[in-house]
Amino acid sequence: MSTRFENARRLTSQLVGATYTSGLDVSREAGRLCAQLGQRALLVRDPFPGGAPFLDKVIASLGHASVEIVDEIDGAPPNAPREAVSRIAECIMKTRPNVLVSFGGGSTIDAVKAASIVQALGGSMDDYLEFEGGYAMAR
C-alpha cells in the first residue's frame, strides 16, 4: 500500500510542485503554512460526518501560529452553485482576509477558488465564470 501512496505523492508533486501539502495528520500544518501567507484567515468549512476532530486540529493549528480566523462560514453544496460562490465572494470582500482556508469536499474547495478570483481581480463573477444550470465554470 505504501507504494501507492508514494506514487500518488510523486504524481501530485509533478502536478503542483511544492505548493501542495498532503499526508497523514497534515491538518496540524495549516497554521504554519497559512502564517507564511498572512495572519487573517477566512475559514470556509464543509461539515461532514466525522470531520469535526480534523476541523478542530486546523483551527488549533491556526491559533498556535497566531493566524486570526476573521470569520467561519459554510462551504458549498455539491457542484458549487452560483449562490454559494456569490455568498463566499461577498464574505471575502467584507472580511478582507489575506488567507483563505477551505476545509471540506471538492465543491467547497472549488467555490472558494472561484470566489477568490472575484476578490483578487475585481469585477463580478460573470466576468470570469460562466454558469450553466446554476453551476460555475471558468470562461
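**Chatting through the fold**

User: Of the contacts between residues at least 6 apart in sequence, what share join residues at least 24 apart?
Analyst: That share is 71% in this protein, where contact means heavy atoms within 4.5 Å. Keep in mind that this is a predicted model, so local features need pLDDT of at least 70 and side-chain atom pairs count only at pLDDT 80 or more, while totals for chains, interfaces and linings use all residues. Residues are numbered from 1 along each chain as its sequence is written, and side-chain values use heavy atoms, leaving out hydrogens and water.

User: OK, what is the protein built from, and in which order?
Analyst: It has six helices and five strands. Starting at the N terminus, the order is α-α-β-α-β-α-β-α-α-β-β. Helices (H or I, at least four residues) and strands (E, at least two) are DSSP runs, numbered from the N terminus.

User: How much of the protein is buried?
Analyst: Of its 139 residues, 30% count as buried. Buried means under 20% relative accessible area, exposed means over 50%, and partly exposed is in between (1.4 Å probe, protein chains only).

User: Let's look at H4. Which of its residues are buried?
Analyst: Ala84, Val85, Ile88, Ala89, Cys91, Ile92 and Thr95 are. They cover an arc of only 160° around the axis, so they sit on the same side of H4. The arc is that of the directions from the helix axis to the C-beta atoms. On the other side of H4, Glu83, Glu90 and Lys94 are exposed.

User: Why do residues three or four places apart point the same way in an α-helix?
Analyst: Because an α-helix has 3.6 residues a turn.

User: What does valine 44 stand opposite?
Analyst: Valine 44 stands opposite serine 102 in S3. S1 and S3 run parallel, joined by five bridges; two strands pair if DSSP finds at least two bridges between them.

User: New topic: serine 61. Is it buried or exposed?
Analyst: Serine 61 is buried, with a relative accessible area of 9%. Serine 61 is found in H3 (residues 52–64).

User: What does serine 61 touch?
Analyst: Not counting residues up to four places away in sequence, serine 61 touches Ser27, Arg28, Glu29, Ala30, Gly31 and Arg32. Serine 27 is 34 residues from serine 61 in sequence, and their C-alpha atoms are 7.6 Å apart in space.

User: Which other H3 residues are buried?
Analyst: Leu55, Val58 and Leu62 are buried along with Ser61. They cover an arc of only 120° around the axis, which puts them on the same side of H3. What covers the buried residues of H3 includes H2 (30–35), S1, S2 (68–74) and S3.
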